[in-house]
Every structure is written in C-alpha cells, then in structure tokens.
Amino acid sequence: MRTYQHKGIMKKLLIVESPAKIKTIKKFLGDDFRIISTMGHIKDLPTKKTGVQMDDKGIKIEYVTIENKDNVIADIRKNAKNVDEVYIAPDPDREGEIIAWHVEQEIKDIIKDPSKIHRITFNEITKPAILDAIAHPYHVDMKKVGAQQARRILDRWVGYEVSPVLWQKIAKGLSAGRVQSVALRLIVEREEAIRNFKPEEYWSVEGLFAKAKSELAAMLTHIGKEKAELKNKEQTDTIVKDIKKESFIVDSITDKTRIQNPVAPFMTSTLQQAAFNKLGYTVKKTMTIAQQLYEGVPLDDPNTPKALITYMRTDSLRLSDTAITQARNFISSQFGKEYLPSQANVYVKDGKAQDAHEAIRPIDISLTPNVVSQYLKKDLAMLYELIWQRSVACQMTPAKYAQRQVTIMGGKYTFKVTGSTLIFDGYLKAYNSEEEGDEDKKNQSIKIPNDLKIKDPVDLKKISPKQHFTQPPPRYTEGSLVKEMEKEGIGRPSTYATILSTIQARTYVKLDTKKRFEPTDLGMQVTDMLRINLPEIMNVKFTALMEEDLDKIAEGEMERDALLREFYTAFQKDLTKFKGSESQKISIPTDIQCPQCHEHNLVIRKGKTGEFLGCPGYPNCDFSSNFEQTETGEIKMIEQTPPQLLDEKCPKCGEPMREMMGKFGKFIACSGYPKCKYIKQNMAGFKCPECQKGDIIERKWRGGTFWGCSNYPKCKFAIFDEIENTPCPKCKRPFLIKKKDKEGNISIFCSDIKECGYKK
C-alpha cells in the first residue's frame, strides 16, 4: 500500500485506484488530506467456484478478497478511522464504480454517518478538476455497479461452465469467453473466407493520350452505356483491337472543389487503431502508455509528475469548453485565422447525446510534442504527439482539393481520369489523416495538362491492357480487428486489449509474418465446436445486443437480474445439450476423392499427432494421409511412403525390422506387429545409477530426446544432456555429461557435480 501523508492532523482521506496518481494529485491538495491507493480491485468473485447463486428470491453474488489485498483493505480501514470524511476516487468507469462500492462496503461500519463517505470522479488530473470533483461529490452509482456485476457474471458463467466441456471434448486447459470466443470467430471466419476464395480474372485497359507535347493516361470505363467489365484475354484483345481504330476527342472537363472535413478527436477504439496503423503499437502497449500519460509523468521536475492527457477509457467524442477554447486560441495564434472555423467543431457519436466523459485529449494544448518530447521516453512521446495532433486538428477548418475529371471519347469507348490538387491544407497542417477511401490524396499524383479543352482531338499513343485477379479479404491485424469489433458492437474498447491477449495466450491464434491474425488448428476446432453447440453466445448480433443491454442497466433502463435470468435460461438449455452430445471429432470437408474406396470426399480430421486427411466412410474404408496446404488454401495429399524394411532381424521373433514414423519422429520396430511389439531402443551401455536395476535408454518426447531408466515409472531417473560414455576419473560414475555453449565451447563434467565436482 502506497500512501502520501502530509504533516499535521489528517481530517480527510482520498482513495484512488492507482498508486501512480498519488504524486500527481498530492500537489493540488492541502495538508488536511491523506491520499492512498487500492492498487486496482480489492474484491472479486472466488477463483475456485462460480460465486453466483440464483433462486426465486434473487441472485446472490459472493465476493472474496483478492489474493495479497488483505493488507490493502486493512490499511484503508485503518486510515478511515482517523478522518472525518472519505473521498473514494477510482476511475470514472464501471470497473472504477465497483471498486468504489467495495471500498464503501469495507468502511461503512467505521464511518457511521453515510454522508461522510463521498464518491468523486475526474476525467483529468489537474487542480481545477480535482477541486471541482471534491466540491461536487455524489453517492456510488448502483446502476453502474449493477452493469459491472452483470458483465462479470455473464463472463463467469460462460468461462466456468463452457471451458470444462471443452476440456472433456478437445483438450485440457482450454477456455471459452463470452466476448473472447466471438472475437475468435471473426478471425476464423475471415480465414475460412480466404481459404474458400476463388480468384476471378478481370482486365483493365489504360490509354495514353497526347495533345501537342502533353500526355494524359486514362482508364477505359464504359463501352457504350455499359460499364467496361472485361473478363478474359480474348474479350480484351478484341476490344483493344477495335479501340485502335477509333479517333478520340476530349468530351468533357469537370472542375469542382472537394472538401475533406477534419477527423474527430480520439476515443479509446480509434486511438488503438491509429496507434497500431501509424506507430505499430499493439493495443496492450497503447493502453499501457496512455495510462502513464493520464496518471502523470515527470517533466522538468523529476519529483513532480504532470498528467498530460484526459482519461483514456472512453467512447465519448465530446470536448469540454475549456479544451475547445485552448485549441481555438492555439490554432489562431500558431496557424492563422484561415485555419480556425467560425464556430467550434462538434462531434456526436451515433446521433446520441454525449455523456459526462470526454474524448481523449491533451490537458494543456500549450504543452506541444516538442516541449514534452525532451522529457519523455520515445514511445510515450510518440503517442502523446498523436493525441495532441488529433485534438488540435479536430478544431481546424477542412482541407480543400481542386478536382478535375477529364472524359475522352472515341466511338463507343469512354476513358476517364481524375486528378486532385490540394489547394488548402486546413486540418492536414496539424494531422495527416490517411483515412481509408481518401480518393483526393490518391489522385494527387495524377497530373492533368492545363491546356486541354472540350472537343480537342487527342492522339492515342499507347494502349495497355492489364490482367488482374480478385483478391481474398485480408487477415485481421490488431487495428482492423478492433475496428471490426467496434463496428459490430462486440465488447467495449476498454476490454479489447485483454481479449486480444487471451486468444493469443491460449494459442487459438498466431501472428503471421505481416503481424496479422491467423487461427491455429486448435482455434478453428474450438470455434467449430462452439458454433455448432452454443449458437447463441457465439452469435455476433446477440453479443452486440448484450452490450446494449448492459448499457441499459447502467442507465437504469433495465434490471440487472432480469437480464441475467433471461440469459441463463437459454444458456443452460444449450449447455445441457452440449454436455450430453457425443464427442464427435469435427471434420472439415475437402473436394479430394478418397483414392481407396472412391465413394467419399476426404475430410480433414484432428488426431493425437495433428491434422490428417481421412475417409468419412470409416470403418468400412480406413484410408488416411498427411496433407499440406498451399498459400491459396488448396489441400494437397502428401504421398505416403511404405515403411522401409531393414536387413536387421528382430531379436525376439526373427522378423525383419522396419523404420517407422511415430508421434515424435522416426523409430525402428519389428515388422511382425501386432504379433510382436518389439521396438529397438538406443542403449547407453550402463545401468541406472539411481535404482541400479534398469538400463539407461533413449526416449523421445515433444521437446526432443532424453536418456531415462527402463524401469520408468518406478524409477524416474533422467538425463537431458548429451552423454559421454566415459567413467568419471574422480568418482567412477559410469558416464560424464557433455555440454556445448552458444560460442561452441564444449564442457565435460560429472553428472554428480555437487558431490564430485569433476569438470574439464
């Protein structure tokens, strides 16, 4: 527990969530305040059971003290005894509200007068914000508490009741999550779309036209009144041949000014996307850095941290009047009045009125990136610069482009080209948006001659047909997955970092060479099983509606228990069927005909050693084969090679020995299997030094090979290093250990190094 204690008598206690805030806040308050921290949550549901009981009377939640938080609670209670008033100030979100409620529950028996316990929140750690919060306290918002409890219980039910079924049907250690599994579904379905994608051929035709010394490239867009949709080379060659016969003129020139409006300030999800796309930061890294910028970092005075941004978990686009005034004054003085709109730009998300939160913005616009970068680590400085630039740009005037489109006609063929010129940079002076679909920026590289006029004849100097193929949808990156989750209403921005970390930690997904999510075989298998057996909790729309219902609980428009009962009734019905269903192996169909029975198409199945191709006609047809998958998703069988017979005879039955491929690689065994089950083993040539009975033999496991006693599991002696078949010259143990370091240096020493100590 970290505390800050002023000199003199303490009359007031301020309890914050993070110890990092204490130094930042302490300079704003007088000597009658003591500041302590809960260091996050202090209570939660128990770890070894669900902790939720539901009966006709209601829903009871069991909370227990989180491990290692007994001393924190004891310190809170001790400090609360010696003050007149307590201000509980965890973060201004639902998680902060439940922490505030738990603190209140712990101290209400100490402070008998409930009016002396205050809940306060602030979106920025500045003196005006802190003093204003203290001046306007309120009671813990039980509607927010109810919303947090509902989310926690929903997640607990799914996690604790679905995961054991996955253990039974697939493998131990797997987990399911109410939002996590739906996010994984998005990744899996994108991969399925990529694998099932069949490229389609299409062609484009570009003409290079000339007038005097000027040249202009334009694309064929229409043939007559129909769009030019060319499907193959033969069709394209015919059209190109016909185009060459035509004479061309400039049919039209259209000039207009296009306005590109500034982008909105950051909320959590858009900050996560921009930081990934522009800086390459993971969602987790972005939130960690933003937390530091919010809580305070040292600038010119290393002993006095300064908060640089407002609260970073928000879906609000609102800016305070103070922030708008700061931004407008800065824009006017630094960029000029032409960059300042007549009125402040207002951003409203989804047509809804804004809540009490703000967008993510700098606390003080005058602290420019140049000012703070000399004190901050590079990662912090870059994220602060991104937030600062976006916050300034959102209050600036639009960018303006002069756009010219030229249409060239020849017979029934129409060619078009569009060029753009930036004539006023506007908000782009502060922030380069690089938004998707920004055609003006793409067209800036196209130069259109100024001397072109309508009806001018132009010469076709060159015509260039080009073959294309449609492309599959790309795999998700962290940035694009966050964007998709936000679009679909899955989860909340504050949970995205945890979701992405969990699906990677469970090896449900991996990152390809371009840092895009690729589902593993395990991730696809888990998703398939959950899609089939728990269709409702795996439904994207259902999960999004659940988020809306949680919002309604927080706003007092829905009862917590009504939502939980409705969910649990349907959930238990599906779960009961899932538990009772036969544990059938999930198979993925292919278009490869079984080469053995010729009656079925092979399917991809998962066995103990991984995926393989098998005939669905089993047991009537027992064909199986290994396979490989090409970059385009095509499944190809790997030709099976029969086991290789050796000249060596089996010492037990006399049949030839053969080389086989097993779970952990190649091994040599009797060809008379299953009558003879002899397997050749490499022998070390000495008895086990521990039990003195078994032989030391080579064993294989997933991590490679090791030497162990043949009497395993009675004797568990094992050697994981290379053996030197030489007795120790000092203690006469029958072998030495041989090791090679990174530089290639070899050490040989006694296996009983502690007692013997021999080494060379």
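A crossing of two helices is called left-handed if the near helix is turned anticlockwise from the far one by less than a right angle, and right-handed if clockwise. The crossing of helix 8 and helix 14 is left-handed in this sense. The model is a predicted one, in which local features need pLDDT of at least 70 and side-chain atom pairs count only at pLDDT 80 or more, while totals for chains, interfaces and linings use all residues. Residues are numbered from 1 along each chain as its sequence is written, and side-chain values use heavy atoms, with hydrogens and water left out.

Helices and strands are DSSP runs numbered from the N terminus (H or I, at least four residues, for helices; E, at least two, for strands). Helix 8 (residues 268-279) packs against helix 14 (residues 478-488) at an angle of about 160 degrees, and their axes lie 8 Å apart. Helix 8 is therefore roughly antiparallel to helix 14, a term used for angles over 145 degrees. Axes here are lines fitted to C-alpha atoms over the stretch in contact, with angles running from 0 to 180 degrees between N-to-C directions. On the helix 8 side, S269, Q272, Q273 and F276 meet E478, G479, V482, K483 and E486 of helix 14, contact meaning heavy atoms within 4.5 Å. By class, this contact has two nonpolar, four polar and three charged residues.

Among the buried residues of helix 18 are L563, L564, F567 and F571, where buried means under 20% relative accessible area and exposed over 50%. Their cover includes strand 6 (58-61), helix 5 (142-169), helix 16 (521-533) and helix 17 (540-554).

Most residues other than glycine have a negative phi. N68, not a glycine, has a positive phi of about 70 degrees; N68 sits in the loop between strand 7 (64-65) and helix 2 (70-81) and is exposed, at 67% relative accessible area. H598 likewise has a positive phi, near 60 degrees, and lies in the loop between strand 21 (588-593) and strand 22 (601-607).

C728 belongs to the loop between strand 34 (722-724) and strand 35 (736-740). At 0% relative accessibility, C728 counts as buried. Leaving aside residues up to four places away in sequence, C728 touches R733, F735, L736, C750, C756 and Y758.

Methods. Angles under 35 degrees count as roughly parallel, over 145 as roughly antiparallel, 65 to 115 as roughly perpendicular and the rest as oblique. Ala, Val, Leu, Ile, Met, Phe, Trp, Tyr, Cys and Pro count as nonpolar, Asp, Glu, Lys and Arg as charged, and the others, Gly among them, as polar. Buried means under 20% relative accessible area, exposed over 50%, partly exposed in between (1.4 Å probe, protein chains only).
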